[in-house]
Amino acid sequence: MILRWFGRKKPEEETRKDEPSAPLPEPVAEEQPLAPEPVPEPESRPEPELPPPPAVETPPPPPVAPPSEPEEREDAPEIVRDELPAALPADEEKPKKGWFARLKEGLSKSSSKLTEGISGIFTKRKLDEEALEELEELLITADLGPTTAAKVTAELARTRFGKEVSPEEVKATLAAEVAKIVGPVAKPLEIDAALKPHVILVVGVNGTGKTTTIGKLARQFRAEGKTVMLAAGDTFRAAAVSQLKIWGERTGCPVIARDTGADAAGLAFDALEEARRQGVDILLIDTAGRLQNKAGLMEELRKIVRVIKKVDETAPHTTLLTLDATTGQNAHNQVEVFRDMVNVSGLILTKLDGSARGGVLVSLAERFKLPVHAIGIGEGVYDLRPFDADQFAKSLMGLPSP
Ligand SMILES: Nc1nc2c(ncn2[C@@H]2O[C@H](COP(=O)(O)OP(=O)(O)OP(=O)(O)O)[C@@H](O)[C@H]2O)c(=O)[nH]1
């Protein structure tokens, strides 16, 4: 059965009753399904400081195994499924504001650039050739890309040419056009419940938010009642491994890790075997993203894929590419590069908060047509949500909630 990420009943609601005394301080799965949030949440609670990772009884990290050829390995780390925490540990408080409000706030740099430009062009002015050219240029500088910019302005010209149009009308038309372009790529991340595990390989340039995204996804899956294992496949950097371990603790997920410099493919192989043995629902594999050594990275990623196919020839079932929205058009190059290395099945756009270049999502959608499964608007564990085309388009144009 295919389950849609976020689209299920909150597992806590179903299982909390028979859980032992371990108290859950906050109903962790408060998020809505994919549906947009029509009403902002009350602003009663103070903004929480991110507490340090709680002392949760997570299984100890598996022993570090020496690098070896995956086929020969018999000493897979011991992780007992019963030890998985029954509930998500207490961690960060859910943000007080609703998602749409936060998305709008996050995209405010991108939207103010656009809305100020639109007001400048269209206040008391007819939609003539010159205005259209200025608008097209504005959209290009806001990272929507030349193709999208041309398409969107042509649509506006088709219906309003020669007429006096208000900035509000232009924004509404643009939002509708943007929603049309990004709508087809707004696809939830689907998890096949029949797979034990569903393997998700997470790739992307260093710093684009792979590890953080893995942590956020892990929390969400755990909140849905799924068992999750994390594999620290960025064996190159010690900090990347320890960062993933922290996310493992925060989300109550075992982490398979090895020493720095260990063979990433071997580690992925071990992790998949272990996840299989334990009947874990989802295995999230972190990877390195050193583009400086493109050939080396390509070989490493391809080897990971090759090697995990020895355990499950259908794996990885999902290959997510994280893209940092602040890098603007550079994200296009990254899609091309990673698409050549591995079979990228979907994108996650991170750091849409504070980026003045959020429009890049539109040009990516237009050009690559790859599913955008989710967007990140902050560093916190709750700051990732499925991508909603209408919400995004309205936020980008600074318009009120859909
Ligand atoms: N503002 C903001 N920061 C984010 C978001 N996602 C990740 N970050 C931050 O971006 C930085 C890099 O994130 P990582 O998850 O370490 O990125 P990575 O791709 O795993 O990078 P390496 O560990 O270097 O391979 C961290 O400081 C994160 O907290 C987001 O959606 N918004």
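**The annotated domain**

Modeller: The end C-alpha atoms of residues 197-398 lie 41 Å apart, and the span is 45% helix and 19% strand. Helices (H or I, at least four residues) and strands (E, at least two) are DSSP runs, numbered from the N terminus. This is a predicted model, in which local features need pLDDT of at least 70, side-chain atom pairs count only at pLDDT 80 or more, and totals for chains, interfaces and linings use all residues. Residues are numbered from 1 along each chain as its sequence is written. An unreviewed UniProt entry annotates residues 197-398 as "domain: SRP54-type proteins GTP-binding"; such annotations may be inferred rather than shown by experiment.

Around the ligand there are 21 residues, of which Gly209, Lys210, Thr211, Thr212 and Gly376 come nearest. A residue counts as near if its C-beta atom, placed from the backbone, lies within 6 Å of the molecule. By class, the shell has 2 nonpolar, 13 polar and 6 charged residues; Ala, Val, Leu, Ile, Met, Phe, Trp, Tyr, Cys and Pro count as nonpolar, Asp, Glu, Lys and Arg as charged, and the others, Gly among them, as polar.

Turning to a helix pair, Ala331, His332 and Val335 in H11 meet Val360, Leu364, Arg367 and Phe368 in H12, contact being C-beta atoms, placed from the backbone, within 7 Å. The residues of this contact divide into 5 nonpolar, 1 polar and 1 charged.

Technical notes: Contact = placed C-beta atoms within 7 Å.
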